[in-house]
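Okay, thanks for making time, everyone. Let me put the model up and then walk you through a few spots in it.

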Amino acid sequence: MRIKEKKEIIEFVDQLGEIISTGPNDAAVLSMAAETAEAIGKLCKKAGKEKQALYSEVFDGIQNALNVGAEETNPDERQQIITLVLDLIQSVKTELEKEPAKKEIVFLPYKASMWDSLESVWRAAYEDRENCNTYVIPIPYADRNPDGSAKEWHCEINEFPKDVPVIDYRVVDLKELNPDEIYIHNPYDGYNFITSVDSRYYSSELVKYTDKLIYIPYFVLDDINSAPETVEHFADVPAVHNAHIVILQSEKMRERYVKALVGIYGEQTRSVWEEKIKGWGSPKLDKVKNTKREDIEIPEAWERIIKKPDGSCKKVILYNTGLSTLLKEGEKLLRKIESTFRIFYEHRGEVALWWRPHPLIPATLDSMRPELKQQYSDIVAKFKNDGWGIYDDTADLNRAIAASDAYYGDASSLTKLFQEAGKPAMIENVGILSS
């Protein structure tokens, strides 16, 4: 039985007892009570389990007894019926309160590469099958044209880990399912210029279909050094406003979110943010800490790049190029990428370069920097064709972190993840090019 079903049935049972108590000798009241008992029986039957079907039969019997009581003219006989019914109602309520109930939990990721921001929460619920039913439903999203219209739609249902049972979004009606909890990692609703999930899955819509909408960011920030305007940018988003609970990476980041939002909306809103925003930790950090190099599988072609001729391993550097630097520096970043490749090519005998550009760079160029698209595409094509480094556009970020010895590239949430993994990170300066 679902928690929601159990709660609803018990509330109806209480109403039934109250109705009878208002007029146990009134035929009209008893007829109304009989209708309520019938409704409870249908709710129990809808729950669909063997024991709930038995409850349904009990309430069918209570309905019949109340109908008899409503027709009975002998006061003593009627009182006996009412006493029996009230005792039976109390007994059934006691049994219902003991009845185990399951929580219905829905996870709505949109990019498979961001699944790590929800995974540990899902896994804990999934393994607690006695108390939880879980649903992972990858939702569709679109790349956007410069005018904001949808350019191309995607659904990455086939890119999730094999041990995660996923459900086609087209077969689930969230309004009908009405889950106890919904988890999301997309914060922007319609305010992302690069991509947008289907509007049916905006936080402003999802909050209508659940008792608890929970937002966990797909990223982590530097707790101490993130600029106030950066924190403000990520705090003042639709998901933070619409969710019942927001789960952040740390208590320090919670304090910074609250400070940023109070600064925008006034001291009178502090209690709202302090109530909904929690510093319980990020599943992304859980994933990094729990993924070891020996646990991952690396394609054979990549292994050949990582290994030296004698079979020993080179130092592996994860090179990350991000969106914010691309938007800020434009062609300057592209020149920096080419410069970086020249240096690592020269040292390819000792060091393996693992390039993992932000997965939304192509969509960002289409939407916001179309004049750079061809130049960037040429850089990617040359790097892949030359074959001396690893080009990683897969959904598995944690494999890249586990396989790497250090980080180099743009400032991003990856630097925080490398710190958590106990590995060094160095931020590139796009103004410095190799000769």
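So, which residues have the most contacts inside the largest nonpolar core? They're L108 and Y257, and that core has 40 residues. Before I go on, the ground rules: this is a predicted model, where local features need pLDDT of at least 70 and side-chain atom pairs count only at pLDDT 80 or more, while totals for chains, interfaces and linings use all residues. Residues are numbered from 1 along each chain as its sequence is written, and side-chain values use heavy atoms, with hydrogens and water left out.

By nonpolar core I mean a set of buried Ala, Val, Leu, Ile, Met, Phe, Trp, Tyr and Cys residues joined through side-chain atoms within 4.5 Å. Buried is under 20% relative accessible area, exposed is over 50%, and partly exposed is in between, with a 1.4 Å probe and protein chains only. The largest share of this core, six residues, comes from helix 10. Helices (H or I, at least four residues) and strands (E, at least two) are DSSP runs, numbered from the N terminus. Leaving out residues up to four places away in sequence, Y257 touches, among others, F219, F234 and I277; contact here is heavy atoms within 4.5 Å.

Now E104, which sits in strand 1 (residues 103–108). E104 is buried but has no salt bridge, and the nearest side chain of opposite charge, R2, is 4.1 Å away. A salt bridge needs a side-chain nitrogen of Lys or Arg within 4 Å of a carboxyl oxygen of Asp or Glu. For charges, Lys and Arg are positive, Asp and Glu negative, and His and the chain ends aren't counted. Beyond four places in sequence, the contacts of E104 include R2, Y135 and D180.

Next, the open sheet: five strands, order 12-11-10-13-14, parallel pairing. Strands 12 and 14 are at the edges with a single partner strand each, so one side of each has no neighbour in the sheet. Pairing takes at least two DSSP bridges; strands 10 and 13 have four, and Y319 is partnered with Y408 in strand 13. Helix 19 (residues 413–420) lies across strands 10, 13 and 14, at about 165° to strand 13. Those angles run from 0 to 180 degrees between N-to-C directions, with axes fitted to C-alpha atoms, for helices over the stretch in contact.

Last one: R348, in the loop between helix 15 and strand 11, is partly exposed at 33% relative accessible area. R348 touches K314 and W388, and W388 is 40 residues away in sequence but 7.3 Å away in space, C-alpha to C-alpha.
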